[in-house]
Amino acid sequence: MVAKVVTIVSGKGGVGKTTTAANIAVALASRGLKVTCVDGDIGLRNLDVVLGLENRIVYDLVDVTEGRCRLRQAMIRDKRLPELYLIPAAQTRDKTAVSPSDMVRLCDELRQEVDWIIIDSPAGIERGFKNAIAAADRVLVMTNPEVSAVRDADRVIGLLDAEEKGPAALIINRLDPAMVKRGDMLSVADVIDLLAIELIGIIPEDENVIVATNKGQPLALDGKSKAGLAFQNIARRLMGEQVPFMDLDSQNLFQRLLGRK
Amino acid sequence: MAFLFGRRKSANSAKERLQLVLIHDRTDLSPVELESLKDDLIQTISRHIDIDPMAVTIRVAQDGRSQRLVADIPLRSVGRRRGHETGRAAG
């Protein structure tokens, strides 16, 4: 096995990197692939709670890079999907505890064990971001259809080009089709036009995301919700499948038929 | 005019504002610096050829993720200038 390393970045915080990393990993693992996700946000770990694995942490990423445990010992196995693993971030250390070359070494070892490695980058463009992209074969840039998130995404895309980690692919998260329709939200076409990179996913605004995170059960486990389906589609596109983008207008059509504006 | 079309859509404002911000973020060139570049350009070119400084425009154009500096510098035609001189001579 020689895994592909995919890193999720955004620049701005709070756009949905961790939720997306968790759900892409779950979606890939639910297709029978062996997946390890790595929480790159040292000091502010969260991938463990989103995946519902927070009570099972013994060793973390820094324990591996500093030689206190073997790689295998830090890989927490998910009970729902036996091919899904998590390497959690250290909570009581900071980003400087790991270097980009540590990440490259760790991923080189992991590559032999699994099919996919999904790395959740911290917000920002400093050390944590550089660590997270160091080993990446593919970088996915997340944004929301908002001015500040799009601006930060553009900055990150420029940095990825400079580090020769491009071309990155874009995920637009929390799109509200009704707001786009009434001209109060940037559309997918607007964002693509501004950022001029390839699109790999559109995730609609969906309350189920918060419900799923509350329970520690990633949405992509069932794939019935709109957002869950969107995560499944991103996973399939990563695997090389041609998957058409969801028609997010269907709900509006339904509302129009009911006579609601 | 705006009242004819109702409220201006906020998404359009967002896009237009972002277009300008991204150009300056990507080039590290502020509107003030661009204006000073324009003045330098006018000075330099004027030493060689007669131009109309008021008609010069300079902007950063987008082509995918790459930028180019586009300057439009209308030349004063030699024929018209001669005309002026003749006029002055006659007056």
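Predicted model: local features only at pLDDT ≥ 70, side-chain atom pairs only at ≥ 80, totals over all residues.
Helix α1 of chain A, which covers residues 17-29, has 13 residues and reaches 18 Å from its first C-alpha to its last, close to the 18 Å expected at 1.5 Å a residue.

Along its principal axes, the C-alpha trace of chain A spans about 65 × 40 × 35 Å. Buried residues account for 49% of the 261 residues in this chain, and, among contacts in chain A between residues at least 6 apart in sequence, 75% join residues at least 24 apart.

In chain B, helix α2 (residues 31-46) has 16 residues and reaches 23 Å from its first C-alpha to its last, close to the 22 Å expected at 1.5 Å a residue. Of the 16 residues of α2(B), the number buried, that is, with 20 or more other C-beta atoms within 10 Å of their own, is zero, so this helix lies largely in the open.

Strand β1 of chain B (residues 57-63) likewise has none of its seven residues buried, and therefore β1(B) lies largely in the open. This strand pairs with strand β2 (residues 66-72) of chain B in the antiparallel sense, over seven bridges. β1(B) and β2(B) form a hairpin with two residues between them, and B:G64, in the turn, has a positive phi of about 65°. Within this pairing, B:D63 stands opposite B:S66 of β2(B). In a regular strand, the side chains alternate between the two faces of the sheet.

The contact between the chains takes 14 residues from chain A and 15 residues from chain B. On the side of chain A that touches chain B, α7 (147-162) and α9 (188-195) of chain A each supply at least two residues, and α7(A) gives the most to that side, with six residues. When the residues of this side of chain A are sorted by class, six are nonpolar, three are polar and five are charged.

Terms used. Residues numbered from 1 in each chain as written. Chains lettered and ligands numbered in written order. Helix = DSSP H or I, 4+ residues; strand = E, 2+ residues; numbered from the N terminus. Expected span 1.5 Å × (residues − 1). Buried ≥ 20, exposed ≤ 12 C-beta atoms within 10 Å, placed from the backbone. Contact = placed C-beta atoms within 7 Å. Pairing = 2+ DSSP bridges. Nonpolar A, V, L, I, M, F, W, Y, C, P; charged D, E, K, R; others polar.
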